[in-house]
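Thanks for making the time this morning.

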Amino acid sequence: MKRALVISVAAHATVLFILWQVGRSLSSPAARGYPRLITATLVAKPAGALAATNEQPAAVESKSASAPAAPKFKPVEKKKEPAKVITKGSPQKKPSNLKPPATKPNLSSSSNPAGGRGAATTKTGAGSGAFGGNALKLDAVDFPFPHYITLIQYRIENNWEPPFSGQQLLATVYFKITRSGEIEDVKLEQSSGNVVFDQAAKRAVYNANPLPPLPADFGLQTLGVHFDFAAN
Amino acid sequence: MKIQLNKISSIRWPFHVLSGWCFSLVFLVLSTKIMAQTEVRLRAETRTFARLPVELKPSQLRDQATQELGQRILDILDNDLWASSTVAAFQSEESRANPEALRLELALSRPTGSIRLAVQTKVSLLHKKITLEGQLFDGAANKTLEQKIYRGCQDNLRLLVHALADDIVNSLTGEKGIAKSRIAFTGAVSESKEIFMMEYDGSNLRQATSFKTLNLTPAWSTDGREIIFTSYQRGNPDLFVMDLIPGRVSYLIKDNGLHSAPAWSPDGKKIAFVSTKDGNAEIYAMEVYNKNLQRLTQHPAIDSSPSWSPTGREIVFTSDRLGNPQLFVMDAEGTNLRRLPIELGYNDSPAWSPRGDKIAFVSRAPGGFDIYIYDIVGGTATQLTSSAGTNEDPCWSPDGYRLAFSSTRDGRSDIYSMAWDGVDVRRLTFKGTCTSPAWSSNVRPAEEFLCKE
């Protein structure tokens, strides 16, 4: 009787151990050569860059139907007649052009002094300014989808509204991205010591939900990300 | 409390869009220093997202496809991607014609890091059937990111391109895109009022009903197949449902009393609406499959205009139980009632954003109504319209970045759309009798792509 019990316990323990090992090897991303985590850093924009943007003319809501002057998208249906199907070099193209020439000088003049957006957000330019841009650091050098990291960084950055602090702060937020791009398990991994700054960092992540779907070739169900939000 | 718009110009460029928050930050710093009193309420959020620059390569033409067709595809795609509020599309031809523009575009594309996004379309046309192949690639690494083929009838070219545009937007941002979405509304035809529908930008306008009676307050099903509306066909305002694919109309509710303002729950299983069948206007929810009714409000005052939260767990509605119309939120079962703390006298027509964080509504102004947005997180209301005439019936685009509404700003009532911060107003209809817009999801039934036999 006692022997049977010992054998039974031993057999169960063996089976459990085997199951545990198999489960571990199946679920371990490292075993497949996939990185588990990536790290990205966001740095607040310089105060110098802010000043350059005041030139924007104030205009709320143009009241008339002349709104098409803001050519973000254009009603195409009105051009249905074949004569207006636009071909290259057609004179009609200019008025309906998405980017009227008038706005172009505006852009170049504003982008130069600001600089930060243009140069410092590239990977290569990450170290170029005291502020500006976001240094993208990858723990895993072999994550083979650089475009995806760029896209999620872009999106989170665009949803980040850091409070004005004037201090050097760094908050790290950890979250997971599911295959469909949903954000899960958002956690404040490292507090900056400033509650408002921490909340802004977390909110940037929440507001960016959903992110682009994970690349189809990526083998795992979720991707973990550490996101650094920094103010200099 | 004074509410004032933080004026921001219509934003055309990713850079400008980005600079929105910089602008407001400076404004905030300045305003706290200069103005000791909080006279100005800042917008809770500026539009902080920058558009992603995406180059549209000239279409590659195969089998009978013409240059004209290729360019038409690019133009539709261009328009659709800009309408998404998240992508800045530009065509290669424009850049090539203007070297300065090319340089700027390259500068613009830097914020996306080391990638340069581009879309290549390949099109073939055989026996009126179009095959459109869309390829999203990274020009810097010369790597294909996504690839998809769309097939359909030549007559449905716009829809095929819309589908491509929405997929591009989804791949790049995770957003849904609005290119496939439609707007239904009420418009007058001689003595009667009929339901019309059009694409998100006002194109492809068509009349959906012709009952020669009053047909009002359309609402879309989540799958884009059906529209519910109030109709006086029987002389009494009843709810009807129209299946758009066969174009068949049937009764949804035939009962005594008025039935109006239907709203489909996000999961498509329930319909909330207003009915006076028990005496005064109350909100009811109906199970779609077995037509079981549940009364949600119990109050002698008038309860109206239900709108579901995107989770389907709550409903926002108008009630005058406190004396004048105010916005209330209740759980989907009618419990947990609370008033939205909006300090304005007369509020109506709430519409919950598909993103969940905002509720658009109208508030009475001297000349009629104006559209406001209530920010749920910040608890603040922001005025979006302030024009002559009245602005009513706001409804959200499926991505939650735009609002459609009816306005009399140009004399008579037409449908307009604007970004959620009040900029970029576009007139969509020119009939002069259009009201109650309803914006569909971006789902389109597969049958719509096919040729009509």
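Predicted model: local features only at pLDDT ≥ 70, side-chain atom pairs only at ≥ 80, totals over all residues.

**Where two domains of chain B meet**

Across the interface between domain 1 of chain B and domain 2 of chain B, nine residue pairs are found in polar contact, both partners being at pLDDT 80 or more. On the domain 1 side that touches domain 2, the elements of chain B that give two or more residues are helix 2 (67-83), strand 6 (143-153) and helix 5 (157-173), and it is helix 5 of chain B that gives the most, with six residues. By type, the residues on that side of domain 1 of chain B divide into seven nonpolar, eight polar and eight charged.

The domain assignment of chain B places domain 1 at 21-173 and domain 2 at 182-449. Between these two domains of chain B, 23 residues of domain 1 are in contact with 21 residues of domain 2, and together the domains bury about 1,700 Å², with 52% of that area on carbon and sulfur atoms.

How many salt bridges are counted between domain 1 and domain 2 of chain B? The count is two. Glu199(B) forms a salt bridge with Arg158(B), where the closest N and O atoms are 2.9 Å apart.

Chain A calls for a word on confidence. Its mean pLDDT is 60, and 47% of the residues of chain A reach 70 or more. Over residues 27-37 of chain A the pLDDT is below 50, and this stretch has 22 contacts in the model beyond near neighbours in sequence. Residues 74-136 of chain A also stay under 50, and for them the model has 130 contacts beyond four places in sequence.

Notes. Residues numbered from 1 in each chain as written. Chains lettered and ligands numbered in written order. Heavy atoms only, no water. Domains from an automatic or database assignment. Contact = heavy atoms within 4.5 Å. Buried area = accessible area lost by both parts, 1.4 Å probe. Salt bridge = Lys/Arg side-chain N within 4 Å of Asp/Glu carboxyl O. Polar contact = N/O pair within 3.5 Å; in protein donor to acceptor, adjacent residues only side chain to side chain. Helix = DSSP H or I, 4+ residues; strand = E, 2+ residues; numbered from the N terminus. Nonpolar A, V, L, I, M, F, W, Y, C, P; charged D, E, K, R; others polar. pLDDT = per-residue confidence, 0-100.
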